[in-house]
Amino acid sequence: MTARAPYRSLRGIPAVAALLAISAVGCSDVTDAVDSAKDGAKKVARQRSVFSLDTGDCYNPSGKAEGTAYTVEIVPCDEAHEGQVVGEFSIDEGKEYPGDDGVSAIADTRCPVEAQKYTPDTWALPESAELFYYTPTAQSWATGDRSVSCAYTAEKGALSGTLDTAKSLKPEQLTYLKGSNSVYEALWANQSEKDTVEADLPGYKAQAKAVAAALQTHLEGLNGINGAEIGTLRSTLAKAAGNWTKAADATDADTFYAAYDPAFTGIDPNKSVAARKELGLATTVPADDAEAWAG
């Protein structure tokens, strides 16, 4: 497998034997050696093939975080660890291997969705957490491997505790997060590859249509949630939805821009901070989102 990073492979775990030789050394040296041997034995016992990773598993990569991976060290989530599997799915696009780029494109689209089922509030993630995935290689695909494991990995330092927050959230929190996440998913998943509206007006209009539809669904969910700040956010997003609809219906670039500017500003994550606080959710805008709306 490959990992986006890491890759899966067919190679099994080699047998490992430890031999502790105790000779004329001091007691502290012997103790250190014994402790080291115990730690090594524990690490070996925790090795598991990447083929057997399950959602919820906390682990340490056996080697580099990116590249070809055969095994990982499974650890209790209350111990410091580098990654946690937060979602899984199978690729079913045809019988031929989609190629490395094709597999990565599928994982790029699916993993954020799967991860949000496990960890709905992305604002609450540790700052160092980055989404990675383990995908089939051409070799493992030939043996029937179609599984993709999505995981958050600590870019720096280590993770502590489980990232499984879905079970602890209240219904109104989950409703809010599902709607909010879908809005930004619609925005970024439908982003045109062209830098300017003039170069791809239909593409930008399609994006606007997708965001407007996601906003309408989000607004329907917010109608069932009480709170003054939720009401204020609902009004803000309703205006934004109207502007996204205008952008989707634009007949030329100038008309699109006139609607797009207030539409984009209307879904600035900073505008949802007060409502999130009212709901008891994380209130620190992730750095990437803050940067996107900074200009």
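Student: What volume does the largest pocket have?

Tutor: Bearing in mind that this is a predicted model, the largest pocket comes out with a volume of about 1,400 Å³.

Student: And which residues are closest to its centre?

Tutor: The largest pocket is lined by 36 residues, and those closest to its centre are Thr-122, Glu-130, Tyr-152, Asp-288 and Asp-289.

Student: How does the lining of the largest pocket look by class?

Tutor: The lining of the largest pocket has 20 nonpolar residues, together with nine charged and seven polar ones.

Student: OK, new topic: how many cavities of 30 Å³ or more are there?

Tutor: The structure holds two of them, and the largest cavity has a volume of about 90 Å³. That cavity is lined by 14 residues, of which Ser-180, Tyr-184, Leu-233, Leu-237 and Ser-272 are the closest to its centre.

Student: Which element gives the most to the lining of the largest cavity?

Tutor: Helix 4 does, with four residues; the elements that give two or more residues to this lining are helix 4, helix 5 and helix 6. By class, the lining of the largest cavity divides into seven nonpolar, five polar and two charged residues.

Student: Let's take those helices in pairs, then. At what angle do helix 4 and helix 5 pack?

Tutor: Helix 4 and helix 5 pack at an angle of about 175°, and their axes are 8 Å apart. An angle over 145 degrees counts as roughly antiparallel, and the two helices are therefore roughly antiparallel to each other.

Student: Which residues in helix 4 and helix 5 meet?

Tutor: On the helix 4 side they are Thr-175, Tyr-176, Gly-179, Ser-180, Ser-182, Val-183, Ala-186 and Leu-187, and these meet Gln-207, Ala-210, Val-211, Ala-214, Leu-215, His-218, Gly-221 and Leu-222 in helix 5. The residues of this contact divide into nine nonpolar and seven polar, with no charged ones.

Student: Next pair: how do helix 5 and helix 6 cross?

Tutor: The axes of helix 5 (residues 201-222) and helix 6 (residues 228-248) come within 8 Å and cross at roughly 155°, so that helix 5 and helix 6 are roughly antiparallel to each other. Their crossing is left-handed. Among the residues that make the contact are Lys-205, Leu-215 and Leu-222 of helix 5, and Ile-230, Arg-234 and Trp-244 of helix 6.

Student: And what is the contact of helix 5 with helix 6 like by class?

Tutor: By class, this contact has 14 nonpolar residues, along with three polar and three charged ones.

Student: Last pair: is the crossing of helix 6 with helix 7 left-handed or right-handed?

Tutor: Helix 6 passes helix 7 in a left-handed crossing. Helix 6 and helix 7 (residues 253-266) pack at an angle of about 150°, with their axes 8 Å apart, and they are therefore roughly antiparallel to each other.

Student: Which residues in helix 6 and helix 7 meet there?

Tutor: Those in helix 6 include Leu-237, Asn-243 and Trp-244, while those in helix 7 include Phe-256, Tyr-260 and Phe-264. The residues of the contact of helix 6 with helix 7 divide into ten nonpolar, three polar and one charged.

Conventions
Residues are numbered from 1 along each chain as its sequence is written. This is a predicted model: local features need pLDDT of at least 70, side-chain atom pairs count only at pLDDT 80 or more; totals for chains, interfaces and linings use all residues. Side-chain values use heavy atoms; hydrogens and water are left out. Axes are lines fitted to C-alpha atoms, for helices over the stretch in contact, and angles run from 0 to 180 degrees between N-to-C directions. Angles under 35 degrees count as roughly parallel, over 145 as roughly antiparallel, 65 to 115 as roughly perpendicular and the rest as oblique. A crossing is left-handed if the near helix is turned anticlockwise from the far one by less than a right angle, and right-handed if clockwise. Contact means heavy atoms within 4.5 Å. Ala, Val, Leu, Ile, Met, Phe, Trp, Tyr, Cys and Pro count as nonpolar, Asp, Glu, Lys and Arg as charged, and the others, Gly among them, as polar. On a 1 Å grid over the protein atoms alone, a cavity is a set of points where a 1.4 Å probe fits but cannot get out, and a pocket is an open set with protein on both sides within 12 Å along at least five of seven lines; lining residues have an atom within 4 Å of a point. Grid points are joined across faces, edges and corners, and a volume is the space filled by probe spheres set on the points.
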